[in-house]
Amino acid sequence: MKSRFGKDELLYLYRKLVLIRQAEEKVREEYGNDAMKTPVHLSIGQEAIPVGVLFGLPETTKCFGTYRNHALYLMLTDDTDGFFAELYGKATGVGRGKVGSMHLSAPESGLVATSAIVGTTIPLAVGAAFAAKYKKLDDVAIAFFGDGALEEGSFWESINFACLHRLRILFVCEDNNLAIHASAGERQGFRSISETVEGFECHCGSGDGSDVQEVSMVTRQIVERMAEQPKPGFLHLTYFRFLEHVGIAEDFNAGYRSRPAFAEMISLDPVLRFEKALLEKECSGDDLRAIRMEVDGKIAKSIQAAKLAPFPAPSELYTDVFA
Ligand SMILES: Cc1ncc(C[n+]2csc(CCOP(=O)(O)OP(=O)(O)O)c2C)c(N)n1
Ligand SMILES: [Mg+2]
């Protein structure tokens, strides 16, 4: 079956997946030197969700995310300079070296806010959608959140308010079935989030969050339905977290989950899976190698610049700090 995407679009998606993956693999390589003084919640396995959801959406889209935000940030900005400088705590970082990995934002590129506190950016996204409705704008707000946020009151209050007011907000649940080490069955009193949310006045969709083409297609469908009949959308996307909750290591020996078989690992890996699909269909090994090399060069330059950049001056201690 021929893909519904053209070759340029497929290579664009591949480049974004590779950019995120290679940037995070570099974080894993560099982290042991202890120069990045920030906890890191890596998105290895999750990349296809922000890439697929945001592909083709208007630049006016306002996104809100969590501490697991590297993929979202790099998808929206492509800014490896600001990203690495921030992880090294340098003044040239996207948060001037003061926000660390968990609070990356770039409002001018559509990433309004991310936060370390579970569930807290969901009502902010509702506020953005409410503001758009008030100003009679067609802008869509997107709240990205993990399955752990489904146990927070802020999620239920947010979806209730958004549905009541028929807001143009897309709720995207990035479901890895884990909140740190606890699986959904140990935490949730509902049988299925999709069936539960079906009872709300919203458009519902779901998909395999490891498959970038599927994510993009289900998002397009739901956004079209939201445009035809204004009310919120709820997208449930599953994916596999390859690494420990926070940090750079695998944790299959930690006792709460086991390592999937090799073949399954490949289907859960959004980059390898997409690479395989591309090679079987429209793209050559050279096409993909050229992209990986371009991305490698870009990341190497950003890391070098970040290492050379200055730390924020002591006089900056209280600037841009609101809480
Ligand atoms: C309000 C709140 N409660 C508890 C925590 C501690 N905590 C940090 S991450 C996390 C798990 C969240 O899981 P999920 O939302 O599924 O995101 P994931 O890490 O799987 O991406 C918890 C409970 C927190 N940061 N904020
Ligand atoms: Mg989770």
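**Close-ups around strand β3**

**View 1. Strands β1 and β3, side by side.** Strand β1 (residues 62-66) and β3 run parallel, with three bridges between them. Look for K62, whose bridge partner in β3 is A141. Strands here are DSSP runs (E, at least two residues), helices are DSSP runs too (H or I, at least four), and both are numbered from the N terminus. This is a predicted model, where local features need pLDDT of at least 70, side-chain atom pairs count only at pLDDT 80 or more, and totals for chains, interfaces and linings use all residues. Residues are numbered from 1 along each chain as its sequence is written, while chains are lettered from A and ligands numbered from 1 in the order in which they are written.

**View 2. Over to strand β4.** β3 also runs parallel to β4 (residues 169-175), and six bridges join the two. A141 sits opposite I169, and I142 has L170 as its bridge partner.

**View 3. Both faces of β3.** Six of the six residues of β3 (residues 141-146) are buried, so the strand is largely enclosed by the rest of the structure. Buried means that 20 or more other C-beta atoms, placed from the backbone, lie within 10 Å of a residue's own. A141, A143 and F145 cover one side, with I142, F144 and G146 on the other. In a regular strand, side chains alternate between the two faces of the sheet.

**View 4. The whole sheet.** Six strands make an open sheet in the order β2-β1-β3-β4-β8-β7, with parallel pairing (at least two DSSP bridges per pair). β2 (111-115) and β7 (203-208) stand at the edges with a single partner strand each, so one side of each has no neighbour in the sheet.

Technical notes: A residue is buried if 20 or more other C-beta atoms lie within 10 Å of its own, exposed if 12 or fewer, and partly exposed in between; C-beta atoms are placed from the backbone.
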